[in-house]
Amino acid sequence: MSLLKLRNLSVKLRQRQVFRDISFDIGAGECVGLIGPNGAGKTTLMRATLGLLPSEGQSSLTTLTALQRARAVAWMPQAREIAWPISIERLVALGRIPHLPLGQTIPRQDQAFVDAAIDQMGLDQFRSRAASRLSGGEQARALIARALAQDTPLLMADEPIAGLDPAHQISTMQVFRDLADDGKASVVSIHDLGLAARHCTRLILLAEGGILADGPPAEVLTPDLIARAFGVSVWHELTPNGPVFQPLEVV
Amino acid sequence: MMRVEVCLSALVFALFIVSLGVGPADVSATDSLRALFDTSYGPLTMVMQEIRLPRAILAALIGAGLGLTGAALQGYLRNPLAEPGLIGVSGSAAFGAVLALHGGLAMGAVFGVPLMALLGALGGVILVLLLAGSRGGSMTLILAGIAISALASALTSLALNLSPNPFAANEIVFWMMGSLADLSMTHVALALPFLMAGAVLIATTARGLDALTLGEDAAQTMGINLSRLRLLLVLGTAAIIGGATAVAGAIGFVGLVVPHILRPLVGAQPSRLLWASALGGAIMLQLADIAVRVILPERDLKLGVITALIGAPLFLHLIYKTRRDLG
């Protein structure tokens, strides 16, 4: 089942063509890693897909009403903004906004989504703590939990593991993979090629104003494509836990 | 309703009763309250029904409006320094009223000043919405608000500068300090529809304000239409501030300080802060209005002076606390 269709999506920002004619489909069961160098347009592509930026071409999400879209896709932006010192439980509960009838209280069945998301991101001990009193990494996990609580078929996250410690990087990527294994789909932009290779079912390499490669990690993360897109040579080894990549030098 | 809101409501009610009992007439509080419902008290009944009751009602309603709009704007702009005057409506309402005072309209028609203030507020809000554009974000709204405030302030100064005589200038300056003295039930009837309509409009923004806690992108992807939210918020604020300024003049600090004080008590959630701040605003203005009648009853102390005198030290305390928290 297709959860997202892009057809010839192009975005121009301040006279600069960021990318042109991007088309792909994302279906249930996929955990898609969006990779590419800085400035390749990963954030721009995700925001245009969601209708947060003006674009040419088509995204199936922008044909939906605001409320339909909010029930179809959850979004975790790169900017980790939490304006007020609300408790983690209330922050995560904000994810239920698109599902609530008019009125403010969260019904019992919705509380179950909040509890599950808090549990998934290992935030139970911080439940009643003010978000402002958490570290940057803990706040990031709370924001991922908020997106999970939205309980949508598709979850998109912009660099969700940036700033997380190694254990939480792995467990968070596993959460995105588990969503796919449960029949949903996730799209995450990510710079750690090893984690992307180990947890994503598919990688989309964005560079040179378009898609340079799109397919299973083993087909996308070749030395040639990595050198062409990122301008680095990498040491690459297949371990029992999956492939490991270490950038060596700028080429 | 949560415990905080219950306590605040009880305090609003208690201060309403106290407010009814305070005045220059030398009668006991019990007699005053009895006279409100019992016409056998003669002139005292008239004092209670025509002078003290509208004053107490307006103190609670206008205070609530100022607190509500302050909390709404702070939530929308995600800035604890935002206050209702920021979108330029209070400045333009004040300019409308000053024009009426300048032109001597206050002498000819009792409601000349409030009606001109409402017209000023309407003009201000139209200009702010035109300047900010239909798709602009919070930043364009702030810039448009500052521009209109500056313009209204300059024109008010010009009117003051060109005032026909010292008495008119004096009247303008006193009006701008804000007061609830000498208001009647007709003033209540004039302000009430605007205050109520504004409160309803702002109530519809509660969920959007919660979502905005996580930024504009996150809010939009949670189904919030930001252009609509901003329009409702600006119109709601304009109705409340226009209605309040029309009858009571410019009263500062309530919308700025009250949400600040109450935010920690309601867990900082913007939607919950709206109603807590409305109650808190009513309390602050009722206290200030009781203070002006008790401290110097013979000198006609102005309400805006007292709210500033209460608000400024509270604000200094908040600055001190913020600096301490930042280490």
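In the predicted model, chain B contains 15 helices and 0 strands. Its radius of gyration is 20 Å, close to the 20 Å that the globule rule gives for 327 residues, so chain B is as compact as a globular protein of that length. The C-alpha trace of chain B spans about 65 × 50 × 40 Å along its principal axes. Of the 327 residues in this chain, 52% count as buried. Among the contacts in chain B with a separation of 6 or more, 75% are made by residues 24 or more positions apart. The accessible surface of chain B amounts to about 14,200 Å², and carbon and sulfur atoms contribute 71% of this area.

The largest nonpolar core comprises 152 residues, and those with the most contacts inside it are Ile35(A), Phe176(A) and Ile62(B). Helix α3 of chain B, residues 43-77, supplies the largest share of this core, with 17 residues. In soluble globular proteins, nonpolar side chains tend to be buried together.

With residues up to four places away in sequence left out, the contacts of Ile35(A) include Lys42(A), Ile190(A), Leu193(A) and Ala196(A). Ile35(A) also touches Leu203(A), Ile204(A), Leu205(A) and Leu206(A), together with Val220(A), Leu221(A) and Phe230(A).

In chain A, strand β6 (residues 154-158) is mostly covered, with 5 of its 5 residues buried. Both faces of β6(A) are covered: Leu154(A), Met156(A) and Asp158(A) are buried on one side, and Leu155(A) and Ala157(A) on the other. Strand β5 of chain A, residues 73-76, pairs with β6(A) in the parallel sense over 4 bridges. Within this pairing, Leu155(A) in β6(A) is the bridge partner of Ala74(A). Strand β7 of chain A, residues 185-189, likewise pairs with β6(A) in the parallel sense, over 5 bridges. Here the bridge partner of Leu155(A) is Ser186(A) in β7(A).

Cys200(A) is in no disulfide, as the nearest cysteine sulfur, that of Cys31(A), lies 4.1 Å away, whereas a disulfide requires sulfur atoms within 2.5 Å. Cys200(A) is buried, with a relative accessible area of 4%.

Technical notes:
Residues numbered from 1 in each chain as written. Chains lettered and ligands numbered in written order. Predicted model: local features only at pLDDT ≥ 70, side-chain atom pairs only at ≥ 80, totals over all residues. Heavy atoms only, no water. Core = buried A, V, L, I, M, F, W, Y, C linked by side-chain atoms within 4.5 Å. Buried < 20%, exposed > 50% of the residue type's maximum accessible area, 1.4 Å probe, protein only. Helix = DSSP H or I, 4+ residues; strand = E, 2+ residues; numbered from the N terminus. Contact = heavy atoms within 4.5 Å. Rg over C-alpha atoms; globule rule 2.2 N^0.38 Å. Areas by Shrake-Rupley, 256 points an atom, 1.4 Å probe, with all protein chains shown as cover. Pairing = 2+ DSSP bridges.
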